[in-house]
Each structure stands twice: as C-alpha cells, then as structure tokens.
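Have the structure open as you read.

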Amino acid sequence: MQKILYPQPNEWLLLTERPHIDTTQLTETVLAVLNDIRRDGDDAVKRYEEKFDHVVLDQLLVSEEEMQEAEQLVSAELKEALVLAHRNIAKFHEAQRFEAIEVETAPGVRCWQKSMPIEKVGLYIPGGTAPLFSTVLMLATPAKIAGCKDIVLCSPPNREGKLHPAILVAARIAGVSRIYKIGGVQAIGAMAYGTESVPKVYKIFGPGNQYVMAAKQQVSLNDAAIDMPAGPSEVCVIADDSSNAEFVAADLLSQAEHGIDSQVLLITTSKEKMLEVEKQISLQLNDLPRKEIAEATLVNSKMVLVNNTDEAIALSNCYAPEHLIICTRDYERLATMVTHAGSVFLGPYACESAGDYASGTNHTLPTHGYATAYSGVCLDSFCRKVTFQHLSPEGIKSIGPAVETMADNEQLHAHCHAMTVRRKFLNDKK
C-alpha cells in the first residue's frame with residue numbers, strides 16, 4: 001500500500017480518485033449482447049451462456065428438483081446462519097415501513113402519499129469467484145417485505161449448468177419467485193427486455209463486474225430502472241493510536257479480497273499504528289486463499305497519515321466510501337460528522353463483515369464516490385410513492401386564484417382554464 005504523510009486539503013481530490021478504466025470497448029461489447037437479447041430472446045441468452053459461462057443449457061429456469069437437491073447440499077450450519085441473517089435483515093427493513101400522513105395544506109386542500117410496491121423486480125447475483133448468496137438475502141428480503149409480486153433472480157451457472165446451492169437455499173428462505181441460470185450482460189438484458197422464459201421487470205438490483213454495471217446503466221436509459229450506479233467494492237478505515245492493528249488489517253484485507261479492482265484506504269493519526277497495520281497485513285496475507293487477489297488490490301490502495309481525527313473524517317467525507325469503519329477512541333463524536341458514506345461501522349468490534357452478512361443492515365451500497373448522492377438499498381428501493389390530493393369547494397376558493405395567476409404567467413392558458421371553469425361553476429351555484 002502506498003503511504004502518504006500529511007497531505008494538504010488541496011491534494012485530497014487527487015488522493016481519493018478511484019482507478020480509471022477505459023470502457024470504450026467494454027461498452028461496444030455490452031451493446032452488442034443487449035441488442036441480440038432484445039432481438040432473439042432465449043436463443044441469444046443460451047448462445048451467450050455457452051460463450052461466456054461455457055455451458056449448454058436446455059432450459060433457463062431452475063427446476064423444483066434442483067431446488068430440492070440444493071437443500072441436501074447445504075450444511076445445517078450454513079442453513080442456520082442464513083435463517084439468522086434473514087431474520088435480522090427482515091427485522092431492520094420491516095422497521096422502515098412508510099407511515100402515510102394526510103396534510104391539509106390550505107383550507108379544503110388535503111394531500112397525502114401512499115407507498116406501493118414495484119410489482120416486478122429483478123435481482124442479479126454474481127457467481128464467479130465468490131457466489132454471493134448473502135446478496136440474495138439483502139435484495140429479496142426487502143423486496144418481499146415491500147410486497148413485490150414477482151421477484152426474479154438471475155445468477156450464472158457453473159459448467160454443469162448448476163447454480164451454487166446456497167444461492168438457491170437463500171432464495172427460498174427469502175421468498176424469490178423464479179430463479180434463472182443466466183449470468184452477465186445476458187441476464188441484465190433478459191430481465192430488462194423480457195424473453196420467452198424470463199419476464200420483463202421494472203427495476204433491476206444487484207452487484208456485478210464492469211460488464212454487468214455497464215449493462216445496467218445502458219438498460220436504465222429506456223427499459224428498466226436500476227438500484228444505483230456501482231463499481232468495485234471499497235472500504236475506508238479511520239484509526240488512531242488506540243486502534244487494534246490486527247483488527248484494522250483484517251478489515252482492510254476483507255475488502256481487498258473481493259476483486260483486483262477493489263480499493264482500501266486507511267486514514268490514521270498515528271504513524272506507529274500505520275506501521276503496525278502494515279506488518280499485520282503482511283502476516284495475515286499469507287493465510288488467505290485469495291492472497292493474489294488481495295495483493296493486487298493493495299497496489300491501488302493507500303495509507304494516509306493525518307494530524308487529527310477531525311481531519312480524518314473530513315478526508316473520509318471527501319472520499320465518500322462504500323464502507324466506513326471508525327475504530328478510534330472518539331468514534332461516537334466522529335459518527336455525528338459523517339456526511340458521505342454508504343454504511344458506517346462504529347467501534348473496535350463492528351467489523352464490516354457483520355454488515356455484509358448478519359447485523360441486519362443492507363450491504364448493497366453506493367461505490368466509486370456515489371455515496372455523495374445515493375443511498376444504499378433499503379425498503380424504499382422496492383417501493384414507489386404516489387401522491388394524492390383532494391380539493392373541496394373551499395379548496396378551490398383557497399388556492400384557485402394563485403393557480404390561475406401562476407398558470408397565466410407561465411403562458412399555460414389551458415392550465416389556467418382548468419381552474420377557471422371550476423371557480424365559475426361554483427360561483428354560478430351561489
């Protein structure tokens with residue numbers, strides 16, 4: 001990891017930049033695949049499954065027999081962990097239910113909102129080097145609580161045409177409607193456009209590689225909403241001389257093992273602690289099965305020494321990390337100063353892994369600095385807010401003249417007329 005000592009605030013923007021990738025060729029590939037899916041449906045999906053996932057599929061839908069087989073392949077210990085995590089995730093998201101309040105904005109004018117579920121949602125679950133069955137719980141659980149009628153899940157199969165059994169078990173626990181053996185860009189296209197087998201959905205959720213992210217952004221232009229723009233995973237850890245170096249190193253490595261395009265950032269007020277963490281990283285790396293991935297991530301990562309914790313939180317807010325761990329002695333004070341972060345972990349024991357799996361908060365979060373403008377996935381992500389208003393004759397009297405004046409001054413005379421005819425009708429009734 002690169003060490004940077006006492007950077008000035010005018011250097012922070014450059015310091016917090018993420019690695020840039022030329023996406024020109026990537027975009028061309030994504031568009032070609034999406035166009036084929038739109039035109040040829042299931043046939044194109046199967047062709048790309050053979051090309052990219054190296055599997056020939058007779059059918060895309062996961063069968064009940066495959067679901068039952070998965071139940072036998074997942075250990076009782078993992079099932080118990082999935083049920084516990086699901087319970088905590090459900091409890092946290094249940095508490096986010098919207099309570100409608102009716103407001104009388106003027107005499108005779110009543111306004112209110114109603115929360116309605118998005119009827120059809122699509123969930124993309126990566127398979128790849130790490131099958132993210134935890135993400136199934138993070139997405140399907142709030143979707144079910146919100147009341148989404150159709151919850152469609154796509155995930156890439158292995159070369160035997162199977163999905164990871166834990167993905168299937170988690171999907172059943174969380175209430176997924178239908179599961180398809182489709183990965184990558186072809187999965188996003190199938191859910192966005194619909195095929196003979198896959199229903200078209202209204203909104204697509206879930207992480208993925210650069211191709212998946214590019215496909216999501218492309219279909220969001222005309223065909224389906226998406227949860228958020230997202231990129232490689234990242235963590236920022238703020239530490240001081242009281243922090244446990246072993247814990248800090250473990251937190252940095254837990255994010256570094258995600259993929260070679262991930263990034264980790266340590267901000268500390270102690271040079272001694274920086275060196276301790278560096279030593280711990282070297283020690284812990286040797287025990288990681290994904291050592292090579294973590295090492296590649298660390299090349300793009302930084303350790304930054306700052307003057308005090310106020311400066312540390314200011315630098316973190318500039319970075320806007322997906323995950324922020326504050327393990328300083330004054331973490332409670334610093335928590336009140338957080339303005340830009342996806343999810344925040346406080347104190348020495350709140351490791352980011354807790355939020356990734358079982359604390360109850362959602363781990364689908366904005367990356368690449370998007371935490372300045374986006375929230376992580378929550379119950380509201382699966383809902384729409386519809387506004388209602390009712391005007392009585394008294395309401396026409398209250399706001400009618402203002403409506404006419406504003407519409408007339410915007411030169412939208414039909415708008416004005418819609419109010420005028422009502423005022424005239426009521427006046428004539430007198």
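## A stacked pair across a sheet

Let's begin with Phe-388, which is partly exposed with a relative accessible area of 29%. Keep in mind throughout that this is a predicted model. Trp-112 also counts as partly exposed, at 26% relative accessibility.

How many aromatic pairs are there in the count? The count comes to five. In one of them, Trp-112 and Phe-388 are stacked, with 5.6 Å from centre to centre and 5 degrees between the planes. Trp-112 sits in strand β3 and Phe-388 in strand β14, so this pair ties together parts that lie 276 residues apart in sequence.

## A buried pair

Now for Phe-205 and Phe-382: their ring centres are 4.1 Å apart and their planes make 15 degrees, so this pair is stacked. It links distant parts of the chain, with Phe-205 in strand β7 (residues 203-205) and Phe-382 in the loop between α15 (352-357) and β14, 177 residues apart.

## The three-stranded sheet

Back to β3 and β14, which belong to an open, antiparallel sheet of three strands in the order β2-β3-β14. The edges are taken by β2 (103-106) and β14 (383-391); each has a single partner strand, so one side of each is left without a neighbour in the sheet. On average, neighbouring strands here are turned by 30 degrees against each other, ignoring direction.

β2 pairs with β3 (residues 109-117) in the antiparallel sense over three bridges, and Val-103 stands opposite Cys-111 in β3. Lying across β2, β3 and β14 is helix α16 (residues 393-409), which runs at about 95 degrees to β14.

## The six-stranded sheet

The other sheet to look at is open too, with six strands pairing in parallel in the order β1-β11-β10-β9-β12-β13. Which strands stand at its edges? They are β1 (2-5) and β13 (343-346), each pairing on one side only. Neighbouring strands of this sheet are turned by 15 degrees against each other on average, direction ignored.

Zooming in, β9 (residues 234-239) and β10 (residues 263-268) pair in the parallel sense over six bridges, and Ala-239 stands opposite Thr-268 in β10. Helix α13 (residues 309-319) packs on the sheet and touches β9, β10, β11 (302-305) and β12 (323-326). The direction of α13 makes about 170 degrees with that of β9.

## A helix with two sides

Next up is helix α4 (residues 64-73), whose buried residues are Glu-66, Met-67 and Ala-70. Looking down the axis of α4, you'd see these buried residues fall within an arc of 105 degrees, so they line one face of the helix.

What do the buried residues of α4 pack against? Their partners are α7 (165-174) and β6 (178-181). Over on the other side of α4, Glu-65 and Gln-72 are exposed.

## Charges over rings

Two last contacts are worth a look. The charged end of Arg-18 sits over the ring of Tyr-319, 3.9 Å from the ring's centre. Likewise, the charged end of Lys-385 sits over the ring of Phe-98, at 4.9 Å from its centre.

How values were computed
Residues numbered from 1 in each chain as written. Predicted model: local features only at pLDDT ≥ 70, side-chain atom pairs only at ≥ 80, totals over all residues. Heavy atoms only, no water. Pairing = 2+ DSSP bridges. Helix = DSSP H or I, 4+ residues; strand = E, 2+ residues; numbered from the N terminus. Axes fitted to C-alpha atoms, helices over the stretch in contact; angles between N-to-C directions. Contact = heavy atoms within 4.5 Å. Buried < 20%, exposed > 50% of the residue type's maximum accessible area, 1.4 Å probe, protein only. Arc of directions from axis to C-beta. Phe/Tyr/Trp six-rings, centres within 6.5 Å; stacked < 30°, edge-to-face > 60°. Lys NZ or Arg CZ within 6 Å of the ring centre and 35° of its normal.
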